[in-house]
Amino acid sequence: MNTTIRRRVGVHTAVTAGGVIMLGPLVLMLAGTFLVGNPLNGDLTPHLTLEHVRDAWAALDWPRVYGTSVLVTGAIFLAQVVTSLPVAYALARWEFRGRRLTFKLVLICLVIPVQVTGIPIYFLLSGLGLLDGYLALILPSVGSGFCIYLFRQFILAIPVSLFDAARLDGVGPVAMLWRVVLPHVRPALVAAGVFSVVSHWNDLYWPSVVLTTDRAATVPYAVAGVSGPESTVPLNVQLAIAALAALPLLVCFLLIQRHLVRGLVLTADGE
């Protein structure tokens, strides 16, 4: 067996092992949701049932929880686009003093954990009387260093001639964003949207910090209230609840996966 074949076998083996590790929890969740028995001790029978799904749907007010998560994640992403796209355009195409320093500060923001800034943000929201509400979930995530970086790298791939032609036509900075930048960064918007929505849809840390009631409960916050080792909810029903929590993300990913891959590839080309 020559070196090339051994290398390919090693790569395929590593990819297969990684796929098994990644898909293992998903298979366990689906098995516990639709099969009879306990999936942890292997006590499963090949009999399909929807009873666990019905019990999981009855355990939570899913329309309200879904609606809250859609509102919060949608508002966060829209705010991130509105605030990040102009900054990214300025960092990519404008010449001004301190541009390199500003971009370095954006990169620094990428490596600062949210827990580091959580305490001052909490006291700020508390002083404004915004705790236990939608604004407490949305406002801390309006600014996004990741979106700024992603949009900047993508804008760098847009030919300079397009911007020069638009300026000759009398297009101003605001119109430049709307008429030139936005149509060319749609794949990047899809990629940023996926990362933003998935991150905030699955976020349990921040809702647990700022929420004290179920009035603005998101999906993870509501699921955490009925799941866990001390929960009285049966294990199979907990797995079905987890499946219902992940279902919207899985559907969205299947619908936009082609645009997501294209956005990531084009972003990499702009570096």
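Visitor: Is Phe146 buried, exposed or partly exposed, and how is such a label read?

Guide: Buried means under 20% relative accessible area, exposed over 50%, and partly exposed in between, with a 1.4 Å probe and protein chains only. Phe146 has a relative accessible area of 31%, so Phe146 is partly exposed. This is a predicted model, in which local features need pLDDT of at least 70 and side-chain atom pairs count only at pLDDT 80 or more, while totals for chains, interfaces and linings use all residues. Residues are numbered from 1 along each chain as its sequence is written, and side-chain values use heavy atoms, with hydrogens and water left out.

Visitor: How many residues of helix H7 are buried?

Guide: Helices are DSSP runs (H or I, at least four residues), numbered from the N terminus. Helix H7 covers residues 145-155, and nine of its 11 residues are buried, among them Cys147, Leu150 and Arg152.

Visitor: How many aromatic pairs are there in the whole structure, and how is a pair read?

Guide: Rings of Phe, Tyr and Trp (its six-membered ring) pair if their centres lie within 6.5 Å; planes under 30 degrees apart count as stacked, over 60 as edge-to-face and the rest as tilted. The whole structure holds nine aromatic pairs. The ring centres of Tyr89 and Phe163 are 5.8 Å apart with planes at 25°, so this pair is stacked. It links distant parts of the chain, with Tyr89 in helix H3 and Phe163 in helix H8, 74 residues apart, and both residues are buried.

Visitor: What kind of pair do Phe146 and Phe195 form?

Guide: Their ring centres lie 5.4 Å apart and their planes stand at 70°, so Phe146 and Phe195 are edge-to-face.

Notes: Helices (H or I, at least four residues) and strands (E, at least two) are DSSP runs, numbered from the N terminus.
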